[in-house]
Amino acid sequence: MSDQVRLPPFTVQPTFAPLGEAIDWGLALNEVPDLWTQTQGEDFPVFVLDNGVDVNHIDLRGAVEETRDFTGFGFSPGDHGTPVAAIIGGRRNDVGIVGVAPRCRLFVGKVLHGICGDFRWTGLGIRWAADTAPGCLISMSLGGPFADASVLDAIEYALSRGCFIICAAGNDGRDDSVNYPAKWHGTVAVGAVRRDGKLAQFSSRGPEIDCCGPGEGITSASPGGGYSLYNGTSFACPFVTGVVCLAVAKHKKLGGLTPIGNHAELLD
């Protein structure tokens with residue numbers, strides 16, 4: 001297997017299960033629970049391209065509508081994809097944690113085996129999302145320093161199908177270090193901030209950054225039914241994905257969008 005696309009380096013710290021249902025600091029600081037009176041992302045399709053997901057975790061049970069393996073190694077309860085998916089769409093069930101858009105429809109494509117994968121797998125995952133649900137959201141907390149034409153072609157195809165593509169910027173912690181695919185125009189490149197609103201030290205920097213999300217000390221689901229604290233732009237990316245999902249679902253509910261929406265309109 002070639003090592004062409006990788007997970008950005010991230011840190012994990014096991015923690016105790018929250019008592020009741022915890023609202024993580026990023027949701028509280030950004031007043032996300034107030035938005036749930038208008039929408040919880042009802043029925044909107046969100047595709048997570050990662051290294052798998054634990055579909056049996058209590059906070060994801062019933063949330064994942066479809067899984068697909070593009071690696072040939074078999075689908076797995078990803079140690080990275082599980083917290084990413086839960087940040088987006090963890091269910092409101094009075095236990096554990098809750099995601100930003102707790103009533104969205106989650107689809108998970110395994111395009112990484114462990115921490116790395118082939119460009120071809122990523123391209124196949126992007127096209128699967130665009131063909132399955134035109135106008136969907138695609139969340140990718142992966143990347144690397146090298147561009148690949150096949151991945152760019154897949155991104156352009158998904159954009160032509162009205163999809164939003166939201167990507168982690170990377171965790172290189174220096175200027176001009178945004179990873180591909182976040183570096184490409186047409187994607188939403190996401191950096192990470194701390195609880196005090198300042199840029200996280202590890203977050204990649206560069207003019208390609210479109211926005212930042214909470215990415216330090218994030219409580220989310222871990223495979224096997226547990227919970228951990230996570231650091232990285234990998235976890236800021238799904239937060240932004242969830243916020244965009246709420247915006248899209250709200251506009252759709254109000255009848256303000258065609259099936260292939262106007263991206264700028266949603267971010268106003």
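I started with Cys-167: at a relative accessible area of 0% it is buried (buried is under 20%, exposed over 50%, partly exposed in between, with a 1.4 Å probe and protein chains only).

Housekeeping before going on: this is a predicted model, so local features need pLDDT of at least 70 and side-chain atom pairs count only at pLDDT 80 or more, while totals for chains, interfaces and linings use all residues. Residues are numbered from 1 along each chain as its sequence is written, and side-chain values use heavy atoms, with hydrogens and water left out.

**Cysteines**

I searched the whole structure for disulfides (cysteine sulfur pairs within 2.5 Å) and got 0. For Cys-167, the closest cysteine sulfur sits in Cys-237 at 6.3 Å, too far for a bond. Cys-211 is partly exposed, with a relative accessible area of 26%. Its closest cysteine sulfur is in Cys-212, 6.8 Å away, so that is too far for a bond as well.

**The sheet**

Next I traced an open sheet of 7 strands, in the order S5-S7-S4-S9-S10-S11-S12, with parallel pairing (strands are DSSP E runs of at least two residues, helices H or I runs of at least four, both numbered from the N terminus; two strands pair if DSSP finds at least two bridges between them). S5 and S12 (209-214) are at the edges with a single partner strand each, so one side of each has no neighbour in the sheet. On average, neighbouring strands are turned by 25° against each other, direction ignored.

I then looked at S7 (residues 105-110): 5 of its 6 residues are buried, so the rest of the structure largely encloses it. S7 pairs in the parallel sense with S4 (residues 45-50) over 6 bridges, and Val-46 has Leu-106 as its bridge partner there. With S5 (residues 64-69), S7 has 5 bridges, again parallel. Here I noted Glu-66 opposite Phe-107 and Asp-69 opposite Lys-110.

**Helices**

H4 lies across S4, S5, S7 and S9 (137-140), at about 170° to S4 (angles run from 0 to 180 degrees between N-to-C directions, and axes are lines fitted to C-alpha atoms, for helices over the stretch in contact).

How do H4 and H5 pack, and at what angle? H4 (residues 119-132) and H5 (residues 149-160) make an angle of about 10°, with axes 8 Å apart. They are therefore roughly parallel (angles under 35 degrees). Contacts (heavy atoms within 4.5 Å) include Phe-119 and Ile-126 on the H4 side, and Val-151 and Tyr-157 on the H5 side. I logged the contact residues as 8 nonpolar, 3 polar and 3 charged.

Definitions and conventions: Angles under 35 degrees count as roughly parallel, over 145 as roughly antiparallel, 65 to 115 as roughly perpendicular and the rest as oblique. Ala, Val, Leu, Ile, Met, Phe, Trp, Tyr, Cys and Pro count as nonpolar, Asp, Glu, Lys and Arg as charged, and the others, Gly among them, as polar.
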